[in-house]
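Notebook open, structure loading. I'll jot down what I look up as I go.

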Amino acid sequence: MGRSRSRSRTPKRHKSKRSHKRRSRSRERERRRHRERERSKERSKTSRKLSRSSSSSSTSDEEPRTREKKIDEVDRLAELERVRRQREAEQKMVEEVAAKRLEELVARRVEEELERRREEIEAEVLRRVEEAKRLMEQQMLEELQEKRRQQEEDQKKREEEERKQREELERIMEENKRKMELAQMRLAEQQLQMVEEQRKIDEERQKIKRAHEKKTREEQKIILGKNNARPKISFSI
């Protein structure tokens with residue numbers, strides 16, 4: 001592959017030398033055309049001056065000769081103009097050909113350079129692909145770690161919230177239990193108080209009953225003491 005490149009470079013140098021020679025020739029032609037234009041201008045100025053002076057000092061028999069000179073001058077100028085245009089067309093064509101060849105040469109050099117550096121370019125592309133892959137994997141790993149960390153934080157928040165709710169529920173249940181025990185205690189006290197009041201009422205009732213029975217017996221004794229003939233009368237409540 002290196003030999004083929006070394007072989008292809010030699011004719012390119014020849015071609016560049018040829019194009020350089022053509023460009024130098026075209027510049028030389030352009031200089032010649034410029035000098036001829038300057039000379040033609042000087043000649044036209046001189047002919048105008050001569051025509052003016054000859055018209056003022058010449059006689060009538062010299063007028064045909066002057067017209068012939070003018071015609072020859074016009075023909076010469078026309079020929080010069082034709083040659084100039086032809087040379088300009090040739091110069092333009094040469095420049096276009098040279099530009100095309102230069103473009104082809106540049107394209108060929110670029111292609112050869114790409115061919116020469118193909119392995120290097122492929123290695124660089126592979127390196128960039130591997131680098132992009134590594135960066136992508138690292139980014140995905142970081143995103144996965146961030147997602148896992150967020151999930152752990154959310155889990156901790158949920159557990160903390162559940163713990164608070166559980167503690168609040170336990171507190172409410174403990175408070176209700178305490179209130180229920182207090183209510184049961186008060187109810188038991190009220191029941192004991194009611195039993196005690198009922199006992200006192202029963203005792204008072206028994207006391208009243210015994211007092212009434214005692215009083216009745218005393219009254220019976222009094223009555224029996226006054227009249228022993230009368231039979232005993234028993235009263236019961």
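I started with Ile121, which lies in helix α3. Ile121 counts as partly exposed because its relative accessibility is 32%; buried means under 20% relative accessible area, exposed over 50%, and partly exposed is in between (1.4 Å probe, protein chains only). Helices, by the way, are DSSP runs of H or I with at least four residues, strands are E runs of at least two, and both are numbered from the N terminus.

Before going on, I noted that this is a predicted model, where local features need pLDDT of at least 70, side-chain atom pairs count only at pLDDT 80 or more, and totals for chains, interfaces and linings use all residues. Residues are numbered from 1 along each chain as its sequence is written, and side-chain values use heavy atoms, with hydrogens and water left out.

Next I asked which residues form a nonpolar patch on the surface. I found Leu102, Val106, Val110, Leu114, Ile121, Val125 and Val129, with about 580 Å² of accessible area together. Patch residues have over 30% relative accessible area and no salt bridge; nonpolar side chains (Val, Leu, Ile, Met, Phe, Trp, Tyr) are joined within 5 Å, like charges within 9 Å. A salt bridge puts a side-chain nitrogen of Lys or Arg within 4 Å of a carboxyl oxygen of Asp or Glu. Areas come from the Shrake-Rupley method with a 1.4 Å probe, and for residues only the protein chains shown count as cover. Helices α2 and α3 (118-226) each supply at least two patch residues, and α2 gives the largest share, four residues.

Then I looked up Arg84, in helix α2 (residues 63-116). Buried or exposed, and why? Arg84 counts as buried because its relative accessibility is 18%. Leaving aside neighbours within four places in sequence, I see Arg84 in contact (heavy atoms within 4.5 Å) with Arg33 and Arg37.

Zooming out, I get three helices and zero strands for the protein chain. Buried residues are 6% of its 237 residues. The accessible surface comes to about 22,000 Å², with 51% belonging to carbon and sulfur atoms.

Last, I checked pLDDT, the predictor's confidence in each residue, from 0 to 100. The chain's mean is 78, and 73% of its residues reach 70 or more. Confidence is lowest in helix α1 (residues 2-57), at a mean of 58, and highest in α3, at 89. Over residues 1-16 pLDDT stays under 50, and the model has nine contacts there beyond four places in sequence. Where pLDDT is low, the predicted coordinates should not be read in detail.
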